[in-house]
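Subject: The structure I promised you

Hello,

My notes on what was found in it follow below.

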Amino acid sequence: MNLRKIVIIILFSIYSFSNSDIKKDIKLIGGEYNQEFEIESKFHKQNYLIQIYKPKAEMPKNGYEVVYILDGNATFPYSSVMAQIIDNNTRLNKVPPLIVAIGYVSKELFDVKARSFDYTPPYNGELKFPENRGNSPFTQGGADKFYSFIQKQLKPVIEENYHINKQKQTLFGHSYGGLFTLYAFLNHSEDFQNFVAASPSIWWNDYYILKELKEKKLDFKINTKLLLSVGEVENKNKVPSDIETFATNLRNIKNLEISILNISGASHIEALYPALNQVFKLEKISIGFLSALSFNIFFDLSSFIVLAS
């Protein structure tokens, strides 16, 4: 066989493979344990894509722990894979939580318009933005409506179709989602036992959420955990960080455990998934300390300092 024929055969093989063997629109691994449905809010005009990972491990006596995760379009694939890793590792002897990822039917990774409304607290007067961020063209201030959707519409659907432990519920949000998580923590702490606010936009509307915190008289009837995280790069040259300032105002509150996670070398978006990891290890988190490989952690609250690496 001469060289020309060999080249033709190779080129034909490459062309044939690229057209017949490469599949598009593949499904996320996990099969029937990955589930989803769409639902329209009764409280404002918005359609949501709800994606769920149902553990295949035997259900605990009191039901599955459940984690409600915002920005579901971007966070569900990772959350599902992490839950499956726990599910498939028999040596862990652990049941992962039921994952409920709240996304949007737009199928965008981050629906900026929708989340700008859903994740920001109600406000009066003119909305104030820092000079380095510019103004947003999107309507904001719909967190009360979005929270009503979660609590009064979505949760009943989940509880009707899955056996969950209502005493072990977690809310996770990043960026504006982290701001919403803090809004829920301050105003509806009785509805969740764990709050994970990753890189929360505490700066929003001239530090509105920090001002609200200072005006609140918080009273936690049950043990509650608040985990605050931030990326090292996004927090550069800011001492104390916004999350440390927020935590400082929560000193000496009964039944409240606070942890801070500074994620080494991470920018704002890079800090999302290391923070999301923490929803799978909440039982290992103690006050002021997170044991996490490759993370450098610094926490200074009421004369309590922890350094880890």
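In this predicted model, the second largest pocket holds about 470 Å³ of space. Its lining is made up of 16 residues, and those nearest the centre of the pocket are Lys-27, Leu-28, Glu-36, Gln-51 and Phe-76. If you want to find your way there by secondary structure, look for strand E1 (34-40), strand E2 (47-53) and helix H2 (72-88), each of which contributes at least two residues to the lining of the second largest pocket.

Rolling a probe the size of a water molecule over the atoms shows where empty space is left. The count comes to 2 cavities of 30 Å³ or more, and the second largest cavity has about 30 Å³ of space. Around the second largest cavity you will find Glu-65, Val-66, Val-67, Lys-168, Thr-170, Asn-194, Val-279 and Leu-282. Which strand gives the most to this lining? That is E3, with 3 residues. Strand E3 (64-69) and strand E5 (164-174) each provide at least two residues of the lining of this cavity. By type, the residues lining the second largest cavity split into 4 nonpolar, 2 polar and 2 charged.

Helix H6 covers residues 204-215, which makes 12 residues, and from its first C-alpha to its last it reaches 17 Å, close to the 16 Å expected at 1.5 Å a residue. Which residues of H6 are buried? They are Trp-204, Asn-205, Ile-209, Leu-210, Glu-212 and Leu-213. Looking down the axis of H6, these buried residues fall within an arc of 165°, so they line one face of the helix. Lys-214 and Glu-215, on the other side of H6, are exposed. The cover over the buried residues of H6 includes helix H5 (176-187) and helix H7 (242-248).

Helix H5 deserves a look of its own. H5 has 12 residues that should span 16 Å at 1.5 Å a residue, and its end C-alpha atoms are 16 Å apart, so the two values agree. This helix is mostly covered, with 11 of its 12 residues buried. The buried residues of H5 are Tyr-176, Gly-177, Gly-178, Leu-179, Phe-180, Thr-181, Leu-182, Tyr-183, Ala-184, Phe-185 and Leu-186.

In H7, the other helix named as covering H6, you can pick out Thr-248. Is Thr-248 buried, partly exposed or exposed? Its relative accessible area is 29%, so Thr-248 is partly exposed; the partly exposed class lies between under 20% for buried and over 50% for exposed. Thr-248 and Ile-258 are 10 residues apart in sequence, and their C-alpha atoms are 9.8 Å apart in space.

Finally, the chain as a whole. It has 8 helices and 10 strands. The chain has 309 residues, of which 49% count as buried. Taking contacts between residues at least 6 apart in sequence, 73% join residues at least 24 apart.

I hope you enjoy looking through it.

Methods:
Residues numbered from 1 in each chain as written. Predicted model: local features only at pLDDT ≥ 70, side-chain atom pairs only at ≥ 80, totals over all residues. Heavy atoms only, no water. Helix = DSSP H or I, 4+ residues; strand = E, 2+ residues; numbered from the N terminus. Expected span 1.5 Å × (residues − 1). Buried < 20%, exposed > 50% of the residue type's maximum accessible area, 1.4 Å probe, protein only. Arc of directions from axis to C-beta. Contact = heavy atoms within 4.5 Å. 1 Å grid on protein atoms, 1.4 Å probe; cavity = no way out; pocket = protein on both sides within 12 Å on 5 of 7 lines; lining within 4 Å. Points joined across faces, edges and corners; volume = space filled by probe spheres on them. Nonpolar A, V, L, I, M, F, W, Y, C, P; charged D, E, K, R; others polar.
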